[in-house]
Amino acid sequence: MILADEDGGVPAQVAIKSGKILAVGDRRFDIRDDGVQPLFIDLVTEHRHNLGVVYLSFASLTADAANPAEATICSRIRMSMVMAQNLRDLLTNIIDDAMKPVDKSQAN
């Protein structure tokens, strides 16, 4: 949401709080949600690291019979190596959980 300041000048950003708190160690952070739309990614367009920073960029693919195929950059993420390791571990847990058979009696 964007509101003008009291003088009618430059607009000021208004943060929307989700009402949730994230605890990291002994610190607590209010979670702010500015209404960023979720994006579905199809392609990794950048993956590298430099001086302890991991660079990732993602694209959404569009292809139909009438137009040329197109990859549109939809997100660029920069994170510390520590955050990248945490993300890797989180993704590993999600993927491992998703790959488990629902009913072990029917597993191959």
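**Reading the surroundings of Ser57**

Trainee: Which residues does Ser57 touch, not counting residues up to four places away in sequence?

Mentor: Leaving out residues up to four places away in sequence, Ser57 touches Leu43, Val44, Thr45, Glu46, Ser75, Arg76 and Arg78, where a contact means heavy atoms within 4.5 Å. Please keep in mind that this is a predicted model, in which local features need pLDDT of at least 70 and side-chain atom pairs count only at pLDDT 80 or more, while totals for chains, interfaces and linings use all residues. Residues are numbered from 1 along each chain as its sequence is written, and side-chain values use heavy atoms, with hydrogens and water left out.

Trainee: Is Ser57 buried or exposed?

Mentor: A residue is called buried under 20% relative accessible area, exposed over 50%, and partly exposed in between, using a 1.4 Å probe and protein chains only. Ser57 has a relative accessible area of 2%, so it counts as buried. For the protein chain as a whole, 8% of the 108 residues count as buried.

Trainee: With which side chain does the side chain of Ser57 make a polar contact?

Mentor: A polar contact is a pair of N or O atoms within 3.5 Å; within protein, one must be able to donate a hydrogen and the other to accept it, and residues adjacent in sequence count only if both atoms are side-chain atoms. The side chain of Ser57 makes such a contact with the side chain of Glu46, at 2.6 Å. Glu46, with a relative accessibility of 16%, is itself buried.

Trainee: With which residue does Glu46 form a salt bridge?

Mentor: In a salt bridge, a side-chain nitrogen of Lys or Arg lies within 4 Å of a carboxyl oxygen of Asp or Glu. Glu46 forms one with Arg78, where the closest N and O atoms are 3.3 Å apart. Because Glu46 lies in strand 5 (residues 43–50) and Arg78 in strand 7 (residues 67–80), the pair ties together parts that are 32 residues apart in sequence. Arg78 is partly exposed, at a relative accessible area of 39%.

Trainee: How many salt bridges does a search of the whole structure find?

Mentor: The search finds four salt bridges. Among them is the pair of Arg32 and Asp34, with the closest N and O atoms 3.0 Å apart; Arg32 is exposed at 54%, whereas Asp34 is partly exposed at 41%. Another joins Arg88 and Asp89, at 3.1 Å between the closest N and O atoms. Salt bridges that share partners also link Glu46, Arg48 and Arg78 into one network.

Trainee: Which residues make up the largest nonpolar core?

Mentor: A nonpolar core is a set of buried Ala, Val, Leu, Ile, Met, Phe, Trp, Tyr and Cys residues joined through side-chain atoms within 4.5 Å. The largest one consists of five residues, namely Val54, Leu56, Phe58, Met79 and Ala84, and strand 6 (residues 53–64) gives the largest share of this core, three residues. Not counting residues up to four places away in sequence, Phe58 touches several residues, including Ile41, Leu43, Thr72 and Ile77.

Key: Helices (H or I, at least four residues) and strands (E, at least two) are DSSP runs, numbered from the N terminus.
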